[in-house]
Every structure is written in structure tokens, then in C-alpha cells.
Amino acid sequence: GYSGGITDVAAWMGMPYDDRYQMNQNTFMELERQVMNELFDGTVANHQNAVIDTMGSIVHAGHEICSKLARCSVVVYLSAPAGLQDEMFRRYLHEPKPVVFGDFYTPTDGETNDAALARCYRELLQARSDMYGQICDVAVPYEDLETANTAEEFLAVVSKHLAHLQ
């Protein structure tokens, strides 16, 4: 009953406390692994340039996928400061995106769904930050991107950070 688009993917996946969530999260990650392997076997194997927006879930795809990504590409991590987490959570609630929690949704006894979601979302962001830190070639701080309003400005900021790799 979903017609497409990121909003419908989020609706299909649900919230981590929904009965369908775990199965849909697993399906989502299996499809992500499949797509990444197709990229590695096609675009990357043929030495074609590509930009791969992995969203945040790639770090849940497993060691093999993350290792392949790190070996065959330049991984740019767009890092967000801890102070931005409240705003990110508000955006997530207002306009849900498909978020893979992996093993990071762990409600405690007596905790409401809303309280568990708020706590676990912040824990997820911190864990992802740590995991991305392990596989990225360069981290671009959010503050450096705040004034980038066009694709060209965004690429200029990223290029500036990539220049430090050489």
C-alpha cells in the first residue's frame, strides 16, 4: 500500500517499538547489503566515480560491507555535534525517516515507548558517530556545512576537508 519515497519507506519500517519493525529493519538491511554489493561489483569494480549516500545505516551492514566501502572509496562522514541531537530527534519525530536502530533500541522495564525512543535515539547517534569514526577517511563537522546552501557550496566544503588527505 506504499507508493514510494522516503516517507513511505519510513511508514513501512515503523518505529522500533512497533511489532513489524524488527522484521522490516532486517529486510531493509538485507536490501542495503544487496545494493552495496551490486555497487562494489559494478560501479566500483569498473573504477567508475560515484557518490554513495549511505545514510546512517551502513554501519549496521556488517564488517564485510564497511570494510569494502573503506577499501574502495573515500568515506566522508558528516559529523553532528552532541548539541544537535535534540534537534535531530525533533525532526525525526516530525518527519520520520527510516532509521535502523540495530541493537540500540533497548527499552527498560516501565519505560514508555516515547521515553525509550528518546533515550535510545541519542545513544544510537553516539554509537554511529563512533562507528563512522572508525571507517571514515575524513570527518566534516556540521558547523562547516551550516552555510552551504547549494550543491556547489557543499562540495567546496567537502573538497577543503579532503585536501588535507593529500
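Student: What should I know before starting?
Tutor: This is a predicted model: local features need pLDDT of at least 70, side-chain atom pairs count only at pLDDT 80 or more, and totals for chains, interfaces and linings use all residues. Residues are numbered from 1 along each chain as its sequence is written, and side-chain values use heavy atoms, with hydrogens and water left out.

Student: How do I read a nonpolar core?
Tutor: Start with the terms. Buried means under 20% relative accessible area, exposed means over 50%, and partly exposed lies in between (1.4 Å probe, protein chains only). A nonpolar core is a set of buried Ala, Val, Leu, Ile, Met, Phe, Trp, Tyr and Cys residues joined through side-chain atoms within 4.5 Å. Here, the largest such core has 31 residues. Ile 58, Tyr 92 and Phe 101 have the most contacts inside it.

Student: Which elements give two or more residues to this core?
Tutor: Helix 2, helix 3 (63-72), helix 4 (85-94) and helix 5 (113-135) do. Helix 5 gives the most, with nine residues. Helices (H or I, at least four residues) and strands (E, at least two) are DSSP runs, numbered from the N terminus.

Student: What does Tyr 92 touch?
Tutor: Contact means heavy atoms within 4.5 Å. Leaving out residues up to four places away in sequence, Tyr 92 touches Met 15, Pro 16, Lys 97, Val 99, Phe 101, Leu 117 and Tyr 121.

Student: How do I read aromatic pairs?
Tutor: A pair of aromatic rings is described by the distance of the centres and the angle of the planes. Rings of Phe, Tyr and Trp (its six-membered ring) pair if their centres lie within 6.5 Å; planes under 30 degrees apart count as stacked, over 60 as edge-to-face and the rest as tilted. A search of the whole structure finds six aromatic pairs. One is formed by Phe 101 and Tyr 105, with 6.0 Å centre to centre and 80 degrees between the planes, so the pair is edge-to-face.

Student: Are Phe 101 and Tyr 105 buried or exposed?
Tutor: Phe 101 has a relative accessible area of 0%, so it is buried. Tyr 105 is buried too, at 16%.

Student: How do I read salt bridges?
Tutor: A salt bridge is a side-chain nitrogen of Lys or Arg within 4 Å of a carboxyl oxygen of Asp or Glu. The count by this rule comes to nine. In one of them, Arg 20 pairs with Asp 18, the closest N and O atoms being 3.7 Å apart. Arg 20 is partly exposed at 37% relative accessibility, and Asp 18 is partly exposed at 24%.

Student: Why look three or four places along a helix?
Tutor: An α-helix has 3.6 residues a turn, so residues three or four places apart point the same way. Take Glu 30 and Arg 33, three residues apart in helix 2. Their side chains meet in a salt bridge (3.6 Å, N to O). Glu 64 and Lys 68 sit four residues apart in helix 3. Their salt bridge is 3.5 Å, N to O. Glu 64 counts as exposed, at 54% relative accessibility. Elsewhere, salt bridges that share partners join Glu 87, Arg 90 and Arg 91 into one network.

Student: Which residues make a nonpolar surface patch?
Tutor: Leu 78, Phe 154 and Leu 155 make one of about 260 Å². Patches are made of residues with over 30% relative accessible area and no salt bridge: like charges are joined within 9 Å, nonpolar side chains (Val, Leu, Ile, Met, Phe, Trp, Tyr) within 5 Å. Accessible areas come from the Shrake-Rupley method with a 1.4 Å probe; for residues, only the protein chains shown count as cover. Leu 78 lies in strand 1 (residues 76-79) and is partly exposed, at 42%.
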